[in-house]
Amino acid sequence: MLPHRSRLAVLVFLTPPLLLYGVAVLLPIVQSLVLSFFSWDGLSDMEFVGLANYTRMLTGDAVFWRAFGNALGYLAICLVLQVGGALVVASLLASLRRGREVIKTLYLLPAVISTVAIAFLFQRIYSIDPAGLLNQALAAVGLGGWQRPWLSDVHTVLAAVSAPEGWRFVGLYTIIIYAALLAVPRELEEAARLDGASSWQVFAHIRFPYIRPVFATTTIMAATYALRGFDIPYLLTNGGPGQSSELITTYMYKTAFTSTDYGYASTISVFIVVECLVAVGLILLVLRRKAHR
Amino acid sequence: MTTYAPAKAPARAGGRPHKPRRPSRRPPSPARLASRVLVGALVVVQVYPLVWLFLTSLRTERDFAGGNPFALPTSLTFDNYARAFGHGHLGRNILNSLIVTMGANVLIVLCGMMGAYALQVLGFRFSRVVRALFLVGIVVPVQIALVPLFVDYTRVGLLDTYPSMILPLAGFALPMSVYLFSSFFEYIPREVYEAASLDGAGPYRIFARITLPMSVNTVVTVVMVNSIFIWNDFIFANTFVLSEDLKTIPLGLQNYIGAMGKTDWTATFAAVCVTVTPLLLIFLVLNRAMIYGLERGASKG
Amino acid sequence: MKKMLTAAVAAITAAALAGCGGGGGGDAANVNPAGKVEPRRISWLLSRPANGTVITVMRQLADEYAKSHPGFSLNLITTPDRPSFIQKYETLAAANKLPDLFDTDATPFAQKLARQGRMLDAGKLLTSLGLYTSYRKSALDYQRFDDGSLYTIPFEYQMEFFWYNKALFKRAGVKVPASLDDMPATCAALRRAGVTPIALDGQDQWPLERYVAYQPFRVAGPGYLGKLKRNDAKFGDPAGQKAANWLGALGAAKCFPDGFSAKGYTDAQNLFTSGGAAMYNIGTWELSSLATTKLNPAVRADVDYFTLPTVPNSVTAPNEFVTSSGIGMAVNAKTFDPLVRDFLKFALAKYPAAYAATGALSPTANVKTTIPSDATPLYRRAVDQANSVGTKLAMPWDTQLDPTTNTRLQQELVLLVQGDIKPGDFTRTMDAALAQNAPKFFTK
């Protein structure tokens, strides 16, 4: 903290962000929170129902719990692909001597393409009739037996809708982690290598501890984006077949804008907020504990 | 976030005996070769969709309808681009997207930096409360804000204006921006501030002379991350925009949807190719800026 | 203190949002308000293709009207993608900001709007404009709510057919199915000949949902759906049970392509027009792509259509099948004024002729459709078919059921056809969903 800070300076710096945030985010959140205790279809008068929406969500809605399970699966796949993938790719990048900048930019490309186009492409990649890229590839390597309509099979659809989301942002997280890796002092690594440390030991004992804060940030970003993930599953399968790829977010969207049950939809979104807070807490807990070891 | 401090320890613990570096010209080891192949394969995986998109935008309709979608087009046509421009208002859409993206980015960067400065550098009694408030924003799903925001904007006459898109986009991106700036400010050694303070610089001067110039690298990161999401935002634009003149690119792409959901995909892809170009250009420019920022940061470390 | 603040915010919020629901209606029955025609900009929220015929024709008519009424303009706000449109429409309705004119199907949600007096009585309006009798009866019937009231005006008229490829039928040695019950066998034979039986856009949900409507319409008539949606009939009743069994059989016979649930509209049509599928269930809005000389020459001569097959002891006639007049246009009762009336009088009178001249079927019976120059003979046959349509309507279920049950139905149908669930599971799940959700929309 600065030695010469003043109350006024704090106010000057804090007011614009809080104002923007208050008006654009906090206000509607509070309004939603209030709505979660009401039954409202957007047309009729609002009716106070107390905790009825919460009771219904927690005890009487099988689809909700199904969606919750799916959301966790989606989160796991996205995290592995994005954070794990980014760590590996960033390490590979850091080992290159030339062309890093170009490659970095190329890795970012999928993130800039609109999700409509991405969804369309993946429909074709997963297609079986006619055989898409994935099924063609399986046949080519002699795994023809594994061919299936990936987006229609209730056992594979969740993974199939998670993968594009994971893949799309690998580049983004790679760049963040790569920037952190660059800041690791070379002397440290060289010294460790000369002391006979293996690549893995260099990574585990020097690089990773050094980038841990950035890694935590990245993990939190990826986790919260994954828990709020919506576009690609919505466009690819709209939650189907059945509820096999329904996420809490797509379920909430349908509850609000298909069923016009705004009160219940607000209840579900309150749950999403709680769920995300728990996830962030857990990530911080795990990564902090390691940092203190 | 101060708990991250121990992670910096290795940086200061670099006191091991320095041995001379080996000559840098080594024959590539198998591991190195494998990693290069892997990097190359990943490039293909990441670049392919854009190439595919571009090729599809050049396909004739019949080739698109009946052909293998992954084969090379049998013949090329620019008709799709003609239809894309003829049926839509691509120029207008791009301009609107630029305005919204830039407006939101300015807010995100300025407010994010100021908030992080107040939280991380100045510090105050309730900073934990404010941090917690921002955390809630990181994790709230935007969809639920739609109805309340729509009602609010209608009341204050913001509906169907640029701010009706910019404000929520900036607001929802703000927490992550504050978080990223905070993490970065933590890295600026306290001695820098103490020295400046001793020279008599106040909080505003320190912000303008020290914090701001040092944050270029983080600014670029924040802008890059947010531009991607804002450029492709559909949900706020679809909810708050009514007039044709304000439609952004994702809304403009809907012009190629016909009766009962029948979509002119080749024209859509042509439009996607056109509209993705400005974003790509911004990316290439910012990427340079990011590298400069990184190098400067490295030389100071 | 913070607690008090929170409580205050909550109270204000509740008040702010509550103020937006309900009320705000005009007089739904006053179709001829007093006053002068004062030109201004009027807005129409719609869900139609941006460059489609309806918009093009209405835009021309608005320009024409503006010439004699300086200061008038028609602002068309279109969102062709239906789910995005519905989100926008519902948000506007919740904020009480619906424009002068807005598109809506005769859904339970729209019925709530009508009950609140927010939509003008379209039957009365058309009568007062002297246009009511010019409309096809079935075009208006499609727009009606259950109680027979009419609140939306149709702009199109469509019949839905099974288009089929004669060459592929011949190759498989099958004939046009005489009964719905024969369809699984037809599919099986086509599959044996290596042909995909029916092209299906599974992604948009409604095409598959049509199939659940067919058997009940034939065995029980339109009344079944009317009762079902109010939870006065069950999916477990004979008509619903037959539908479930039939869909299970269609799935078992592999009538639809593998992975149909992820196929889009364009994919399905391309599969049929490239000769990959033998049948394709779609409406006359596709006449210009199916009955045209521009069609892929390999299949052009082989394309034909048949209408919805009957079943033994059918209670509806062969000339009764799915005919629709598309999404309708409602008139906002609150903003209705002499100008809106005058413009509608002008535009609706001229619309049918201008619309039919483009080769489309008008919702009115007083004009003749111009057959386009590049049409195949099939085009005229289809257009003429409109003159012999029967009186009972096979309504699509998606606009009739309450939205929550409808969403569930769409999801369960895919599972049923894919063989992931049995017909018995299907009826049980659906009856539970119906019992839980229908009362919220239909018993007030």
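Helices and strands are taken here as DSSP runs, a helix having at least four residues and a strand at least two. The exercises below concern a predicted model.

**Exercise 1. Describe the fold content and overall dimensions of chain C, and decide how its radius of gyration stands against the globule rule.**

Step 1. Counting the DSSP runs of chain C gives 18 helices and ten strands.

Step 2. The C-alpha trace of chain C extends over about 70 × 65 × 40 Å along its principal axes, and 53% of the 444 residues count as buried.

Step 3. Of the contacts in chain C that link residues at least 6 apart in sequence, 80% are between residues at least 24 apart.

**Exercise 2. State how chain C is divided into domains, and characterise the contact between them.**

Step 1. Domain 1 of chain C takes in 24-157 + 326-369, while domain 2 of chain C takes in 159-322 + 394-442.

Step 2. The centres of these two domains of chain C, taken over C-alpha atoms, are 30 Å apart.

Step 3. With contact meaning C-beta atoms within 7 Å, seven residues of domain 1 of chain C meet seven residues of domain 2 of chain C.

Step 4. On the domain 1 side of this contact in chain C, three residues are nonpolar, two polar and two charged.

**Exercise 3. Work out which elements supply the sides of chain A and chain B in their contacts with chain B and chain C respectively.**

Step 1. Between chain A and chain B, 84 residues of chain A are in contact with 87 residues of chain B. Helix H1 (residues 7-35) of chain A gives the largest share of the chain A side, 16 residues.

Step 2. By residue class, that side of chain A consists of 62 nonpolar, 14 polar and eight charged residues.

Step 3. Turning to chain B and chain C, 23 residues of chain B are in contact with 28 residues of chain C. Helix H3 (61-66), helix H7 (146-156) and helix H12 (235-240) of chain B each contribute at least two residues to the side that touches chain C, and the largest share, six residues, belongs to H7(B).

Step 4. The side of chain B that touches chain C is made up of eleven nonpolar, ten polar and two charged residues.

**Exercise 4. Compare the UniProt annotation of chain A with the modelled secondary structure of the annotated spans.**

Step 1. An unreviewed UniProt entry lists residues 68-283 of chain A as "domain: ABC transmembrane type-1"; in the model this span is 75% helix and 0% strand, with its end C-alpha atoms 19 Å apart.

Step 2. The unreviewed entry also lists "transmembrane region" for several spans of chain A, including 106-126 and 262-287.

Step 3. Residues 106-126 of chain A are 90% helix and 0% strand, with end C-alpha atoms 23 Å apart, whereas residues 262-287 of chain A are 100% helix and 0% strand, with end C-alpha atoms 37 Å apart.

**Exercise 5. Where in chain B is confidence lowest, and where is it highest?**

Step 1. Chain B has a mean pLDDT of 79, with 85% of its residues at 70 or more.

Step 2. The lowest confidence in chain B falls in helix H1 (residues 9-12), at a mean of 36, and the highest in helix H5 (residues 90-122), at 92.

Step 3. Residues 1-24 of chain B stay under 50 in pLDDT, and the model has 28 contacts for them beyond four places in sequence. Residues 294-301 of chain B are also below 50, with seven contacts beyond near neighbours in sequence.

Step 4. Where pLDDT is low, the predicted coordinates should not be read in detail.

Technical notes: Residues are numbered from 1 along each chain as its sequence is written. Chains are lettered from A and ligands numbered from 1 in the order in which they are written. This is a predicted model: local features need pLDDT of at least 70, side-chain atom pairs count only at pLDDT 80 or more; totals for chains, interfaces and linings use all residues. Domain bounds come from an automatic or database domain assignment. Two residues are in contact if their C-beta atoms, placed from the backbone, lie within 7 Å. Ala, Val, Leu, Ile, Met, Phe, Trp, Tyr, Cys and Pro count as nonpolar, Asp, Glu, Lys and Arg as charged, and the others, Gly among them, as polar. UniProt positions are given in the numbering used here, feature names are shortened, and annotations may be inferred rather than shown by experiment. pLDDT is the predictor's confidence in each residue, from 0 to 100. The radius of gyration is taken over C-alpha atoms; the globule rule is 2.2 Å times the number of residues to the power 0.38. A residue is buried if 20 or more other C-beta atoms lie within 10 Å of its own, exposed if 12 or fewer, and partly exposed in between; C-beta atoms are placed from the backbone.
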